[in-house]
Amino acid sequence: MEKEKNIKKPRGVARLIPGICIACGARCQSDCPEDAIEMNEKGEPVINTAKCIGCRRCVKICPSQALEMYFTPEERNILAGMAATAPGEAAVGETGIQEYRGVWIFVEHTEGKPATVSWELLGEGSKLAKTLGVELCSLVIGDHVEHLCQESFAYGASKVYLIDAPVFHHYRTETYFRAICYLVDKYKPEILLMGATGMGRDLAGAVATKLKTGLTADCTGLDIDEKGYLLQTRPAFGGNIMATILTEKTRPQMSTVMPHVMARANMDASRTGTIVRESMDINEEYLPTRVIEVIEDATGEQLDLAGAEIIVSGGRGMCGSENFAILQQLADELGGAVGCSRAAVEAGWMPAERQVGQTGKTVRPKIYIACGISGAIQHLVGMQGSDVIIAINQDKKAPIFEVATYGIVGDVFQVVPAIISTIRELRAGKVGK
Amino acid sequence: MLIVTCVKQVPDTTQVRVDPVTGTLIREGVPFIINPYDTHALEEGLRLKEKYGFRIAVISMGPPNTEITLKKAIALGADEALLLSDRAFGGADTLATSQVLSEAIRRLGQKEEVAIVVCGRQTIDGDTAQVGPGIATRLGYSQLTLVDRIESVDLKAKKIRVRRRLEGRHEIVEATLPAMIAVVKEINSLRYPIVPMRLMAEDSKTTLWDNKIMGLDENTVGLKGSATQVRKIFSPQRTSGEIIGDGIKDPEEASRLLIERLIEKRAFCI
């Protein structure tokens, strides 16, 4: 080592690998200590090699690995000649993080009726808790909601933190978020998961900001890495790519998780656990918001999309609202519900609540039949978790065929009636026997 | 009284494609647009202005070329446009973004009382819906997300009444002002800028605030102030299945084969 001291180890300069940068928002530029990076119109970095000191910060921070270190041939020779052993990377200072233990699930409910996503979260949470070797706990906040504690145990929680008071009758951001912040401060969980629902996203955004911690929205995959960090995977850029996100330095690590993506935990009513009762002194008079009225949407005859086991969905290829009748026929035959793509909603053929996809509903039925849907990425993210996907489309190049389990290239108006009559014939034959 | 509308300039993600070979994003020719949800936030701000006589300020955090987006907002009728741009703000996650936006709103509020902050439900590039709640929490404003109708604003009593759209239900909620409302697209239909306004907007000036003016601790903004880190980005894995029969020549045969396959795989029973 001594004799090498006078030879300076080349540090190289950062260089952009063409075609990989995703214009993430100038992370490289903001991390550069030397102001050596300018952003061009496309949002890609232009590196001033005269200023670059080869610190590698931009290379490390780039989420898409679009930057590399460049060495001249001479520098590479020097490097090759140096048999220097790389010093071990210093451990990240994790002071305070260790006191945070356990995986927490927020049990979402409306006036005591639980949202199924809560039990999906317990299913996923139990895997995380097992990997980490920690407790799985539920968070139940509401008015007359003690029954949700027993349900939490049945779905795998071993402990429930319960706050039960009239002020929590309706969900309101400030009451619920104060309750959660209070419990987190007191009991310090390392992971806190909520459903990526209207309520969950409203609440999580407020809680994470107050606690000054990281929050990843709409996760579709969760895992634990070798250091024990929560790996949170979610669709980004309108579903065009997936990103894995970490919260390294703050706790709890918070995620909202898409409903119908994770499998629901197995229920075992014989399981028991501990209830930790907490109370909070919140005076109704001083609260800024009041829920005046709750209007339940008329569900009517049609099956709810999210709960349907079979969904027949139509897109632009249906050519008009009247043609959705054959999809309804097929759905009736199968005992399923009718859905649609955004194109069908925008054309005014179907109501918005029937829309499947990123801006509509995420569904996970046993069978999803996509009729005349090309399969834009925004649609795919909403249905790709289905067990069996059937695509019927005239265009054999349509992206929907890339996710389909079975595809039929053909005219929807011929194929769908043919499927209906095949099913009817088979059923008639069965009855005949 | 002031209404502040928050907007973001985003790549049109509906036009982004993934290169099937390299798995990277093809951004060539993908235009930057105002986040579509934010256009409805701006429209709602303009309607409130017309009805109650507010002044309306549009703010955005982003690179210098965000000025184009802000000029469009002026053309639509915003009274004032403010760009929050600084290298230190780059690479921000939602926590660090709400820090800059809420500080800007606080500063605007020192000159003129802020009644309502209007945000879009979420952005189409991040899709988090977290910045609105972040702003409300930091400023201590009433938080109203998923708003699909403003029922009334009572400036004397300092109350706002809105309808929120949730899964399977709607809620009518009353809240004290100031409030942050995040709106869904269905709240209104958009107007288009009229020519004289567009011409005027061309000459309009947007105000620029960098961190010298904002004076925020650099450890609370941008990349340094972000609590989340992106570990990796990858293209979604998809496995395509099989094409059954010849649906064009013989749809009946294809249908029969399909049903057989489903029964065989126990996905379906007659």
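Predicted model: local features only at pLDDT ≥ 70, side-chain atom pairs only at ≥ 80, totals over all residues.
1. **The interface in outline.** Together the two chains bury about 7900 Å². Carbon and sulfur atoms carry 55% of that area.

2. Seven salt bridges cross between chain B and chain A. B:Glu174 and A:Arg290 form a salt bridge, with their closest N and O atoms 3.1 Å apart.

3. Six strands form an open sheet with parallel pairing. Its order is E19(A)-E18(A)-E20(A)-E21(A)-E22(A)-E15(B). Which strands sit at the edges? They are E19 (337-340) of chain A and E15 of chain B, each pairing on one side only.

4. **Where the chains join in the sheet.** Strand E22 (residues 406-409) of chain A runs parallel to strand E15 (residues 242-243) of chain B. Two bridges join them. Here A:Tyr406 stands opposite B:Glu242.

5. **A pairing within chain A.** Strands E18 (residues 310-314) and E20 (residues 367-371) of chain A are parallel and joined by five bridges. A:Ile311 has A:Tyr368 in E20(A) as its bridge partner.

6. **Helices across the strands.** Helix H8 (residues 324-334) of chain A lies across E18, E19 and E20 of chain A. Its angle to E18(A) is about 170 degrees. H7(B) lies across E21 (388-393) and E22 of chain A, together with E15 of chain B. H7(B) runs at about 175 degrees to E22(A).

7. **One residue in chain B.** Look at B:Arg163, in strand E10 (residues 159-166) of chain B. Which side chain makes a polar contact of 2.9 Å with that of B:Arg163? The partner is B:Asp148. Beyond its neighbours within four places in sequence, B:Arg163 also touches other residues, including B:Leu146, B:Val147, B:His170 and B:Ile172. B:Ile150 is 13 residues from B:Arg163 in sequence, and their C-alpha atoms are 6.3 Å apart.

8. **Salt bridges overall.** The whole structure holds 37 salt bridges over all chains. One of them pairs A:Arg57 with A:Asp31, at 3.2 Å between the closest N and O atoms. This pair links distant parts of the chain, 26 residues apart. A:Arg57 is in helix H2 (residues 57-61) of chain A, and A:Asp31 is in helix H1 (residues 27-31) of chain A.

9. **Backbone points to check by eye.** The peptide bond from A:Arg251 to A:Pro252 is cis, with omega near -5 degrees. A:Pro252 is in the loop between strands E14 (241-246) and E15 (253-257) of chain A. In chain B, a cis bond joins B:Leu177 and B:Pro178, with omega about 0 degrees. B:Pro178 lies in the loop between strands E11 (169-176) and E12 (179-183) of chain B. A:Ala26 is not a glycine, yet its phi is positive, about 60 degrees. A:Ala26 belongs to the loop between strand E1 (13-16) and H1 of chain A.

Technical notes: Residues numbered from 1 in each chain as written. Chains lettered and ligands numbered in written order. Heavy atoms only, no water. Buried area = accessible area lost by both parts, 1.4 Å probe. Salt bridge = Lys/Arg side-chain N within 4 Å of Asp/Glu carboxyl O. Pairing = 2+ DSSP bridges. Helix = DSSP H or I, 4+ residues; strand = E, 2+ residues; numbered from the N terminus. Contact = heavy atoms within 4.5 Å. Axes fitted to C-alpha atoms, helices over the stretch in contact; angles between N-to-C directions. Polar contact = N/O pair within 3.5 Å; in protein donor to acceptor, adjacent residues only side chain to side chain.
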